[in-house]
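Please keep the viewer open while you read.

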Amino acid sequence: MQGLRAVALALLVCLGSVGAAGALQQGTGSPMVVQTAENTSNYLGPNASDVDRSGQETTSIDVAATVSANGGEVRSTFSMVSLQRKYDDAGSEEARRTVVRNGTDRLAGRVDALESREIDSIDRYAGGEIEEADLFRILSGIHAEAEQRAETARWLQNRAGELGMSEEAARLSTLRIRLTPLEGPVRDDIIEGLDGTKTTRVHAETAGGGLVLATVQRQEDGRYVYVREAYTPGIRNVRDSDRYGNFVEVFSRLTEIYPWVNEGNPGVDDPDRIGTEGARLYSIVYRYDHGELTPYLDGGTGRVVKETQRKHVDRVPTESFNRTNGADSLRVRVDTTYASGPLGVTAYDTATGQPVDASVTVNGDHVGRTGGQRLWTVAPRGQINATVTHDGETVVVETTVS
């Protein structure tokens with residue numbers, strides 16, 4: 001298989017109980033599947049009919065949310081430093097084992113709490129009890145702490161391995177798996193929006209307990225990057241044995257799920273390995289023409305349970321719509337992809353054909369200005385009403401994405 005020699009797979013193994021999220025992670029099924037996209041990477045997401053709720057919000061400076069996120073991170077860091085000190089001060093191998101056991105117990109309690117908090121926030125958002133801004137505040141705090149707790153889990157697992165503590169190593173493997181969906185690149189962007197580092201407009205949607213977050217960010221060089229993360233716990237199967245005997249079989253399955261990416265013979269890297277037995281979770285990082293894709297394949301079901309993507313929007317194929325105002329002095333072009341995908345808006349002076357600076361609202365929300373170029377944002381699900389205003393002239397473009 002061409003390109004296989006370049007493959008470096010991340011093998012993550014989940015053993016034993018999954019704690020607070022167990023009811024959701026037993027392979028009972030999920031409305032989220034890998035959707036087909038033409039001439040670009042497929043993506044994990046729900047069918048339109050299965051969406052519980054979707055919406056968008058631009059994050060802004062939120063001191064309380066930032067303090068909360070930083071507080072969770074600091075507490076996690078302090079806990080790890082304290083744990084390492086106790087381990088270093090232990091006078092015997094048995095004393096070090098005790099430190100590892102106690103540390104694993106405490107870590108398991110924190111993972112239970114983080115999972116419960118995330119599940120509750122998704123359920124409340126899906127049920128209309130909280131808004132996007134509330135959801136993003138909660139997720140940012142979970143993300144900040146989960147990143148640090150994952151470092152603690154890695155450190156403890158290494159110590160358990162050195163001490164021959166196979167049972168604790170297996171528990172820590174499980175904890176690392178459970179922390180994986182609590183982190184993500186869009187959550188990083190949300191934190192930067194809440195602390196005022198940059199403006200971040202984020203799309204959120206839920207389906208059957210699963211969550212999709214997506215945003216478009218403008219880089220320092222002026223280029224736009226689309227960032228997406230999706231997780232669907234209903235797919236995960238931790239009870240059955242693994243269906244893949246080796247990395248070749250895993251790569252073959254991912255080639256079936258993401259054929260367009262693999263046809264381009266992408267580069268792959270970032271190998272990782274956690275554990276050795278049970279229904280595994282496999283991950284591989286693809287670097288291809290449009291950007292970067294990281295799927296997580298469940299070894300029990302053979303389906304993608306989590307996915308992150310980064311795409312350069314100027315390389316993504318789009319469908320374009322052009323409209324002019326009654327005086328034919330202003331023309332607007334809207335480039336669409338799919339719901340929660342990139343959405344581009346450009347305004348032109350029809351007399352000169354040159355792009356102009358215009359104000360853009362999407363479904364009544366101001367999303368920015370074109371700046372004489374193309375403004376990229378994230379597409380809402382369903383009806384799109386893009387209203388573009390320049391020099392007192394307005395053009396409205398209406399379309400639908402699913």
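Which residue takes a positive phi in the hairpin of strand 5 and strand 6? The reply comes in point 2, after a word on conventions.

1. Conventions. This is a predicted model, in which local features need pLDDT of at least 70 and side-chain atom pairs count only at pLDDT 80 or more, while totals for chains, interfaces and linings use all residues. Numbering starts from 1 along each chain as its sequence is written, and side-chain values rest on heavy atoms, with hydrogens and water left out.

2. Gly208 is the residue in question: its phi is positive, near 55 degrees, in a hairpin with two residues between strand 5 and strand 6. Strands here are DSSP runs of E with at least two residues, helices are runs of H or I with at least four, and both are numbered from the N terminus. Strand 5 (residues 200-207) runs antiparallel to strand 6, and six bridges join them; two strands pair if DSSP finds at least two bridges between them. Glu205 has Val212 in strand 6 as its bridge partner.

3. On to strand 7 (residues 224-231), which is antiparallel to strand 6 and joined to it by eight bridges. Val216 stands opposite Tyr226 in strand 7. Five residues lie between the strands of this hairpin, and Gly222 has a positive phi near 90 degrees.

4. Burial of strand 6. Eight of the nine residues in strand 6 (residues 210-218) are buried, so the strand is largely enclosed by the rest of the structure. Buried means under 20% relative accessible area, exposed over 50%, and partly exposed in between, with a 1.4 Å probe and protein chains only.

5. Aromatic pairs. There are four aromatic pairs in the structure. Rings of Phe, Tyr and Trp (its six-membered ring) pair if their centres lie within 6.5 Å; planes under 30 degrees apart are stacked, over 60 edge-to-face, and the rest tilted. One of the pairs is Tyr87 with Trp155, edge-to-face at 5.4 Å centre to centre and 80 degrees between the planes. Tyr87 belongs to helix 1 (residues 63-89) and Trp155 to helix 3 (residues 132-162), so the pair ties together parts 68 residues apart in sequence. Both Tyr87 and Trp155 are buried.

6. Another edge-to-face pair. Tyr244 and Tyr282 are 5.8 Å apart centre to centre, with 85 degrees between the planes. Tyr244 sits in the loop between strand 7 and helix 6 (247-257) and Tyr282 in strand 10 (residues 280-283), so this pair links parts 38 residues apart in sequence. Tyr244 counts as buried because its relative accessibility is 9%, and Tyr282 is buried at 3%.
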